[in-house]
Amino acid sequence: MQLRTARIENYRAIDELELSFLDSRGRVRPMTVLAGPNGSGKTSILFAITNALRGPLGYRAEEVPEPDTDDIRLPSASRTAWAKSIPEIRVSLELQFDEQEQEAIPELLRIVGMEPPPPLPDGILKVHWVFPPKTQPDGLRDQWWMVSLEPPFHHVRSWLSARRLAIKAWRVKQPGMYPELLDSIGGLFFFPQDRNLMQRVLGRGIESGVRDVDSSVQDDEGERESRLSPGHQRPVLPVTDILRYISDYARGRVQAIPDEKNWEKRIQETFHKVCYPKEYLGYLYREDDPLGAPILQNNGYQYPLSQAASGEQVILEYITRLTYPRPFEHSLILIDEPEVHLHPAWTRQLYLALSELSQTNQFVMCTHSMELRRRAAEDNALIELQELEIEA
(Lines give C-alpha, C1' and ligand atoms only; values in the text may rest on other atoms or scores of the structure.)
Protein backbone atom coordinates (compact mmCIF):
# COMPACT_ATOMS: atom_id res chain seq x y z
CA MET A 1 0.00 0.00 0.00
CA GLN A 2 1.53 3.27 -1.15
CA LEU A 3 0.31 6.85 -1.13
CA ARG A 4 0.03 8.55 -4.52
CA THR A 5 -1.63 11.86 -3.65
CA ALA A 6 -3.11 13.66 -0.66
CA ARG A 7 -5.52 16.58 -0.44
CA ILE A 8 -6.07 18.24 2.95
CA GLU A 9 -8.58 20.98 3.75
CA ASN A 10 -9.31 23.00 6.91
CA TYR A 11 -6.96 21.01 9.14
CA ARG A 12 -5.11 23.01 11.78
CA ALA A 13 -3.17 25.74 9.91
CA ILE A 14 -3.79 24.11 6.52
CA ASP A 15 -6.45 25.83 4.47
CA GLU A 16 -6.10 23.77 1.31
CA LEU A 17 -3.11 21.69 0.29
CA GLU A 18 -2.49 19.13 -2.45
CA LEU A 19 0.55 16.88 -2.45
CA SER A 20 1.85 14.40 -5.00
CA PHE A 21 4.16 11.57 -4.01
CA LEU A 22 4.85 10.57 -7.62
CA ASP A 23 8.04 10.98 -9.60
CA SER A 24 8.28 12.46 -13.08
CA ARG A 25 7.27 9.11 -14.60
CA GLY A 26 4.13 8.77 -12.48
CA ARG A 27 5.58 6.18 -10.09
CA VAL A 28 5.37 6.42 -6.31
CA ARG A 29 8.64 7.71 -4.89
CA PRO A 30 10.11 5.31 -2.30
CA MET A 31 11.18 8.32 -0.21
CA THR A 32 9.58 11.76 0.14
CA VAL A 33 10.93 14.45 2.45
CA LEU A 34 8.67 17.32 3.52
CA ALA A 35 10.76 20.32 4.55
CA GLY A 36 9.80 23.78 5.73
CA PRO A 37 9.83 26.16 8.67
CA ASN A 38 7.77 25.83 11.82
CA GLY A 39 4.16 26.54 10.96
CA SER A 40 4.38 25.09 7.44
CA GLY A 41 2.12 22.16 8.35
CA LYS A 42 4.64 19.31 8.13
CA THR A 43 3.48 17.37 11.18
CA SER A 44 -0.15 18.23 10.43
CA ILE A 45 0.22 16.46 7.09
CA LEU A 46 1.38 13.26 8.79
CA PHE A 47 -1.41 13.52 11.37
CA ALA A 48 -4.03 14.04 8.65
CA ILE A 49 -2.84 10.99 6.69
CA THR A 50 -2.82 8.85 9.84
CA ASN A 51 -6.28 9.97 10.99
CA ALA A 52 -7.72 9.22 7.56
CA LEU A 53 -6.30 5.69 7.55
CA ARG A 54 -6.26 4.53 11.17
CA GLY A 55 -9.95 3.55 11.22
CA PRO A 56 -10.17 1.29 8.14
CA LEU A 57 -6.69 -0.10 8.83
CA GLY A 58 -7.47 -0.72 12.50
CA TYR A 59 -4.17 0.96 13.27
CA ARG A 60 -3.41 2.24 16.75
CA ALA A 61 -1.37 5.47 16.73
CA GLU A 62 -0.83 6.60 20.32
CA GLU A 63 1.28 9.60 19.36
CA VAL A 64 -1.31 11.01 16.93
CA PRO A 65 -4.03 12.87 18.85
CA GLU A 66 -7.65 12.16 18.06
CA PRO A 67 -9.17 15.10 16.17
CA ASP A 68 -11.42 17.61 17.87
CA THR A 69 -13.10 20.86 16.86
CA ASP A 70 -9.98 22.86 17.78
CA ASP A 71 -8.25 21.24 14.80
CA ILE A 72 -10.73 22.78 12.36
CA ARG A 73 -9.36 25.82 10.58
CA LEU A 74 -11.97 28.55 10.78
CA PRO A 75 -12.34 31.30 8.17
CA SER A 76 -11.30 34.78 9.21
CA ALA A 77 -14.88 35.93 9.91
CA SER A 78 -15.29 33.14 12.43
CA ARG A 79 -12.31 34.32 14.44
CA THR A 80 -14.01 37.50 15.61
CA ALA A 81 -17.57 36.19 15.91
CA TRP A 82 -18.72 32.64 16.57
CA ALA A 83 -19.94 31.14 13.30
CA LYS A 84 -23.34 29.50 13.03
CA SER A 85 -21.64 26.64 11.25
CA ILE A 86 -18.05 25.58 11.02
CA PRO A 87 -16.25 24.07 8.02
CA GLU A 88 -15.28 20.43 7.82
CA ILE A 89 -11.88 18.87 7.85
CA ARG A 90 -11.56 16.96 4.61
CA VAL A 91 -8.75 14.57 3.75
CA SER A 92 -8.66 12.63 0.48
CA LEU A 93 -5.95 10.07 -0.19
CA GLU A 94 -5.23 8.08 -3.33
CA LEU A 95 -3.64 4.72 -2.51
CA GLN A 96 -1.88 2.29 -4.83
CA PHE A 97 -1.73 -1.49 -4.28
CA ASP A 98 1.02 -3.21 -6.25
CA GLU A 99 0.63 -6.47 -8.16
CA GLN A 100 1.95 -8.60 -5.31
CA GLU A 101 -0.62 -7.15 -2.89
CA GLN A 102 -3.41 -7.51 -5.45
CA GLU A 103 -2.66 -11.23 -5.60
CA ALA A 104 -1.99 -11.76 -1.88
CA ILE A 105 -5.02 -10.00 -0.38
CA PRO A 106 -7.73 -12.02 -2.19
CA GLU A 107 -5.80 -15.19 -1.33
CA LEU A 108 -5.70 -14.18 2.34
CA LEU A 109 -9.44 -13.52 2.40
CA ARG A 110 -10.10 -16.99 0.99
CA ILE A 111 -7.86 -18.56 3.65
CA VAL A 112 -9.72 -16.87 6.52
CA GLY A 113 -13.11 -17.75 5.00
CA MET A 114 -14.13 -14.28 3.85
CA GLU A 115 -15.36 -13.13 0.49
CA PRO A 116 -12.46 -11.79 -1.62
CA PRO A 117 -12.68 -8.05 -2.33
CA PRO A 118 -13.58 -6.80 -5.80
CA PRO A 119 -10.64 -5.97 -8.10
CA LEU A 120 -9.39 -2.40 -7.91
CA PRO A 121 -9.19 -0.50 -11.22
CA ASP A 122 -5.44 -0.04 -11.82
CA GLY A 123 -4.89 -1.07 -8.19
CA ILE A 124 -6.05 2.35 -6.95
CA LEU A 125 -8.30 3.00 -3.95
CA LYS A 126 -9.40 6.44 -2.76
CA VAL A 127 -10.08 7.20 0.90
CA HIS A 128 -12.15 10.22 2.02
CA TRP A 129 -12.25 11.26 5.67
CA VAL A 130 -14.45 14.07 7.01
CA PHE A 131 -14.53 15.58 10.51
CA PRO A 132 -16.80 16.21 12.40
CA PRO A 133 -18.47 12.90 11.59
CA LYS A 134 -21.84 12.83 9.89
CA THR A 135 -25.11 12.38 11.74
CA GLN A 136 -27.29 9.62 10.30
CA PRO A 137 -31.07 9.90 9.72
CA ASP A 138 -31.70 7.93 12.91
CA GLY A 139 -29.92 10.65 14.88
CA LEU A 140 -26.81 8.59 15.64
CA ARG A 141 -23.47 10.10 14.75
CA ASP A 142 -20.80 8.11 12.93
CA GLN A 143 -17.57 7.29 14.72
CA TRP A 144 -14.92 9.90 13.94
CA TRP A 145 -12.57 7.46 12.20
CA MET A 146 -15.13 6.25 9.64
CA VAL A 147 -14.33 6.94 5.99
CA SER A 148 -15.88 6.61 2.56
CA LEU A 149 -14.09 4.71 -0.17
CA GLU A 150 -13.86 4.75 -3.97
CA PRO A 151 -14.77 2.47 -5.59
CA PRO A 152 -17.74 2.06 -3.21
CA PHE A 153 -18.11 -1.68 -3.78
CA HIS A 154 -19.20 -4.15 -1.14
CA HIS A 155 -16.21 -5.66 0.70
CA VAL A 156 -13.82 -3.03 -0.72
CA ARG A 157 -12.71 -2.24 2.86
CA SER A 158 -10.98 -5.61 2.91
CA TRP A 159 -8.17 -4.06 0.91
CA LEU A 160 -7.37 -1.86 3.91
CA SER A 161 -8.04 -4.35 6.72
CA ALA A 162 -6.01 -7.13 5.09
CA ARG A 163 -2.76 -6.70 7.05
CA ARG A 164 -4.61 -6.78 10.37
CA LEU A 165 -6.36 -9.97 9.25
CA ALA A 166 -3.05 -11.44 8.05
CA ILE A 167 -1.37 -10.76 11.41
CA LYS A 168 -4.23 -12.45 13.23
CA ALA A 169 -4.22 -15.47 10.90
CA TRP A 170 -0.45 -15.80 11.21
CA ARG A 171 -0.58 -15.46 15.00
CA VAL A 172 -3.20 -18.21 15.47
CA LYS A 173 -1.56 -20.44 12.82
CA GLN A 174 -4.54 -20.33 10.48
CA PRO A 175 -4.49 -23.42 8.21
CA GLY A 176 -3.13 -22.44 4.83
CA MET A 177 -1.54 -19.23 6.14
CA TYR A 178 2.17 -18.80 5.48
CA PRO A 179 4.58 -16.02 6.51
CA GLU A 180 5.36 -14.92 2.94
CA LEU A 181 1.71 -14.05 2.47
CA LEU A 182 1.89 -11.64 5.39
CA ASP A 183 5.07 -10.14 3.94
CA SER A 184 3.18 -9.39 0.73
CA ILE A 185 0.52 -7.21 2.42
CA GLY A 186 1.29 -3.65 3.46
CA GLY A 187 0.11 -1.45 6.30
CA LEU A 188 0.88 1.83 8.03
CA PHE A 189 3.38 2.82 10.70
CA PHE A 190 3.92 6.24 12.29
CA PHE A 191 7.14 7.25 14.05
CA PRO A 192 6.70 10.36 16.22
CA GLN A 193 9.36 12.79 17.31
CA ASP A 194 11.08 12.03 20.61
CA ARG A 195 7.95 12.43 22.71
CA ASN A 196 7.69 9.58 25.25
CA LEU A 197 10.94 8.11 23.95
CA MET A 198 11.81 6.52 27.30
CA GLN A 199 8.40 4.84 27.42
CA ARG A 200 8.59 3.48 23.88
CA VAL A 201 12.15 2.22 24.17
CA LEU A 202 12.68 1.24 27.81
CA GLY A 203 9.11 0.87 29.05
CA ARG A 204 9.55 3.43 31.81
CA GLY A 205 6.22 4.74 33.01
CA ILE A 206 4.19 1.92 31.42
CA GLU A 207 3.56 -1.68 32.32
CA SER A 208 6.33 -3.67 30.70
CA GLY A 209 7.46 -7.27 30.30
CA VAL A 210 7.12 -9.93 27.63
CA ARG A 211 4.50 -12.03 29.37
CA ASP A 212 2.12 -12.35 26.44
CA VAL A 213 3.95 -12.10 23.14
CA ASP A 214 0.91 -13.08 21.10
CA SER A 215 -1.10 -10.17 22.46
CA SER A 216 1.82 -7.85 21.79
CA VAL A 217 1.70 -8.84 18.13
CA GLN A 218 -2.01 -8.15 18.22
CA ASP A 219 -1.48 -4.73 19.79
CA ASP A 220 1.31 -3.61 17.47
CA GLU A 221 -0.84 -4.24 14.41
CA GLY A 222 -3.83 -2.43 15.83
CA GLU A 223 -6.13 -5.41 16.31
CA ARG A 224 -9.14 -4.18 18.27
CA GLU A 225 -12.81 -4.67 18.87
CA SER A 226 -14.80 -3.23 15.97
CA ARG A 227 -16.45 -0.60 18.19
CA LEU A 228 -13.34 0.44 20.09
CA SER A 229 -11.84 3.80 19.20
CA PRO A 230 -8.33 3.54 17.72
CA GLY A 231 -7.23 5.95 20.44
CA HIS A 232 -8.31 3.66 23.28
CA GLN A 233 -5.53 1.09 23.22
CA ARG A 234 -3.08 -0.47 25.58
CA PRO A 235 0.45 0.98 25.53
CA VAL A 236 2.77 -0.19 22.77
CA LEU A 237 5.26 -2.89 23.68
CA PRO A 238 8.62 -1.30 24.61
CA VAL A 239 11.60 -1.88 22.33
CA THR A 240 13.48 -3.52 25.21
CA ASP A 241 10.84 -6.24 25.49
CA ILE A 242 10.76 -6.81 21.73
CA LEU A 243 14.55 -7.24 21.66
CA ARG A 244 14.32 -9.72 24.51
CA TYR A 245 11.70 -11.78 22.74
CA ILE A 246 13.55 -11.79 19.41
CA SER A 247 16.78 -12.86 21.11
CA ASP A 248 15.19 -15.58 23.28
CA TYR A 249 13.24 -16.95 20.32
CA ALA A 250 16.31 -17.21 18.10
CA ARG A 251 18.51 -18.83 20.74
CA GLY A 252 15.84 -21.17 22.02
CA ARG A 253 15.31 -22.99 18.74
CA VAL A 254 16.67 -26.48 18.13
CA GLN A 255 17.70 -25.58 14.59
CA ALA A 256 19.49 -22.35 13.81
CA ILE A 257 17.46 -19.67 12.04
CA PRO A 258 18.77 -18.90 8.54
CA ASP A 259 20.31 -15.45 8.23
CA GLU A 260 17.51 -14.10 6.04
CA LYS A 261 15.00 -14.89 8.81
CA ASN A 262 17.16 -14.00 11.79
CA TRP A 263 15.58 -10.72 12.89
CA GLU A 264 18.16 -10.13 15.63
CA LYS A 265 20.98 -10.31 13.10
CA ARG A 266 19.06 -7.97 10.78
CA ILE A 267 18.75 -5.42 13.60
CA GLN A 268 22.43 -5.79 14.52
CA GLU A 269 23.68 -5.29 10.98
CA THR A 270 21.48 -2.28 10.25
CA PHE A 271 22.29 -0.59 13.57
CA HIS A 272 26.02 -1.01 12.95
CA LYS A 273 25.66 0.42 9.45
CA VAL A 274 23.94 3.57 10.76
CA CYS A 275 25.85 4.05 14.02
CA TYR A 276 29.35 2.76 13.16
CA PRO A 277 31.54 2.05 15.10
CA LYS A 278 28.82 1.37 17.70
CA GLU A 279 27.24 -2.09 17.72
CA TYR A 280 24.15 -3.78 19.12
CA LEU A 281 25.35 -7.08 20.61
CA GLY A 282 21.92 -8.49 21.51
CA TYR A 283 19.84 -9.09 24.62
CA LEU A 284 22.39 -10.55 27.02
CA TYR A 285 22.26 -12.07 30.51
CA ARG A 286 24.81 -12.21 33.33
CA GLU A 287 24.86 -14.57 36.29
CA ASP A 288 24.09 -11.67 38.62
CA ASP A 289 21.42 -10.23 36.29
CA PRO A 290 18.83 -12.88 35.35
CA LEU A 291 16.55 -10.23 33.79
CA GLY A 292 19.17 -9.28 31.23
CA ALA A 293 19.28 -6.18 29.03
CA PRO A 294 19.94 -5.09 25.44
CA ILE A 295 23.70 -4.48 25.28
CA LEU A 296 25.55 -2.09 22.98
CA GLN A 297 29.27 -1.79 22.35
CA ASN A 298 31.55 1.07 21.33
CA ASN A 299 35.21 0.27 20.68
CA GLY A 300 35.15 -2.61 23.16
CA TYR A 301 33.20 -0.78 25.87
CA GLN A 302 29.86 -2.45 26.59
CA TYR A 303 26.82 -0.72 28.08
CA PRO A 304 23.05 -1.37 28.41
CA LEU A 305 20.48 0.34 26.23
CA SER A 306 19.30 2.35 29.23
CA GLN A 307 22.69 4.09 29.25
CA ALA A 308 22.76 4.69 25.51
CA ALA A 309 22.47 8.15 23.98
CA SER A 310 18.98 9.14 22.87
CA GLY A 311 20.14 9.03 19.24
CA GLU A 312 21.13 5.39 19.62
CA GLN A 313 17.76 4.62 21.22
CA VAL A 314 15.91 6.32 18.37
CA ILE A 315 17.83 4.41 15.70
CA LEU A 316 17.30 1.09 17.46
CA GLU A 317 13.59 1.84 17.80
CA TYR A 318 13.20 2.52 14.07
CA ILE A 319 15.01 -0.66 13.08
CA THR A 320 13.27 -2.85 15.67
CA ARG A 321 9.72 -1.71 15.00
CA LEU A 322 10.21 -2.07 11.24
CA THR A 323 11.30 -5.68 11.88
CA TYR A 324 8.86 -7.00 14.50
CA PRO A 325 6.64 -9.02 14.44
CA ARG A 326 7.76 -9.43 10.82
CA PRO A 327 9.61 -6.95 8.63
CA PHE A 328 7.33 -4.37 7.10
CA GLU A 329 6.94 -4.66 3.33
CA HIS A 330 4.66 -2.82 0.88
CA SER A 331 3.88 -0.34 3.68
CA LEU A 332 3.54 3.39 4.20
CA ILE A 333 5.97 4.57 6.89
CA LEU A 334 5.53 8.10 8.27
CA ILE A 335 8.41 9.68 10.24
CA ASP A 336 8.26 13.03 12.04
CA GLU A 337 11.64 14.79 12.25
CA PRO A 338 13.96 11.78 12.43
CA GLU A 339 16.97 14.07 12.89
CA VAL A 340 15.99 14.95 16.47
CA HIS A 341 18.99 13.99 18.68
CA LEU A 342 20.89 12.62 15.67
CA HIS A 343 24.31 13.71 14.45
CA PRO A 344 24.15 14.84 10.78
CA ALA A 345 26.20 11.80 9.74
CA TRP A 346 23.72 9.47 11.45
CA THR A 347 20.82 11.33 9.86
CA ARG A 348 22.34 10.70 6.45
CA GLN A 349 23.04 7.05 7.24
CA LEU A 350 19.49 6.54 8.51
CA TYR A 351 18.09 7.98 5.28
CA LEU A 352 20.15 5.47 3.29
CA ALA A 353 19.50 2.54 5.63
CA LEU A 354 15.71 2.93 5.60
CA SER A 355 15.63 2.43 1.85
CA GLU A 356 17.90 -0.59 2.15
CA LEU A 357 15.69 -2.21 4.82
CA SER A 358 13.01 -2.71 2.21
CA GLN A 359 12.66 -2.07 -1.50
CA THR A 360 8.85 -2.06 -1.30
CA ASN A 361 8.13 0.39 1.54
CA GLN A 362 7.28 4.04 1.01
CA PHE A 363 8.75 6.54 3.48
CA VAL A 364 7.34 10.03 4.05
CA MET A 365 9.27 12.11 6.56
CA CYS A 366 9.17 15.69 7.85
CA THR A 367 12.38 17.51 8.59
CA HIS A 368 14.22 20.70 9.50
CA SER A 369 17.54 19.02 8.68
CA MET A 370 19.65 20.60 5.95
CA GLU A 371 21.36 17.23 5.54
CA LEU A 372 18.07 15.50 4.73
CA ARG A 373 16.95 18.34 2.49
CA ARG A 374 20.18 18.16 0.52
CA ARG A 375 20.03 14.40 0.16
CA ALA A 376 16.34 14.38 -0.81
CA ALA A 377 16.90 17.16 -3.37
CA GLU A 378 19.60 15.03 -5.02
CA ASP A 379 17.07 12.19 -5.27
CA ASN A 380 14.25 14.48 -6.52
CA ALA A 381 12.38 13.47 -3.38
CA LEU A 382 12.03 16.88 -1.69
CA ILE A 383 8.80 18.85 -1.21
CA GLU A 384 9.45 22.36 0.10
CA LEU A 385 6.57 23.75 2.16
CA GLN A 386 6.16 27.46 2.79
CA GLU A 387 5.13 28.97 6.11
CA LEU A 388 1.35 29.01 6.27
CA GLU A 389 -0.45 32.26 6.90
CA ILE A 390 -2.51 32.33 10.07
CA GLU A 391 -5.34 34.77 9.64
CA ALA A 392 -5.96 37.14 12.51
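Strands E8 and E9 (residues 289–298) run antiparallel and are joined by 6 bridges. Helices (H or I, at least four residues) and strands (E, at least two) are DSSP runs, numbered from the N terminus; two strands pair if DSSP finds at least two bridges between them. This is a predicted model, in which local features need pLDDT of at least 70 and side-chain atom pairs count only at pLDDT 80 or more, while totals for chains, interfaces and linings use all residues. Residues are numbered from 1 along each chain as its sequence is written, and side-chain values use heavy atoms, with hydrogens and water left out.

Within this pairing, Tyr280 has Leu296 in E9 as its bridge partner. The open sheet has 3 strands in the order E8-E9-E10, with antiparallel pairing. Strand E8 (279–286) and strand E10 (301–304) are at the edges with a single partner strand each, so one side of each has no neighbour in the sheet. From one strand to the next, the twist averages 35 degrees. Angles run from 0 to 180 degrees between N-to-C directions, and axes are lines fitted to C-alpha atoms, for helices over the stretch in contact.

Two helices pack on this sheet, each touching E8 and E9. Contact means heavy atoms within 4.5 Å.

| Helix | Residues | Angle with the direction of E8 |
|---|---|---|
| H7 | residues 239–251 | about 75 degrees |
| H8 | residues 263–275 | about 130 degrees |

Another set of pairings involves strand E5 (residues 124–131). Of its 8 residues, 6 are buried, so E5 is largely enclosed by the rest of the structure; buried means under 20% relative accessible area, exposed over 50%, and partly exposed in between (1.4 Å probe, protein chains only). E5 pairs with strand E4 (residues 89–96) in the antiparallel sense over 8 bridges, and Phe131 in E5 is the bridge partner of Ile89. E5 also runs antiparallel to strand E6 (residues 147–150), with 4 bridges joining them. In E6, Leu149 is the bridge partner of Val127.

Helix H10 (residues 344–357) packs against helix H11 (residues 370–378) at an angle of about 35 degrees, and their axes are 9 Å apart. From H10, Pro344, Thr347, Arg348, Tyr351 and Leu352 meet Glu371, Leu372, Arg375 and Ala376 in H11. The contact has 5 nonpolar, 1 polar and 3 charged residues. Here Ala, Val, Leu, Ile, Met, Phe, Trp, Tyr, Cys and Pro count as nonpolar, Asp, Glu, Lys and Arg as charged, and the others, Gly among them, as polar.
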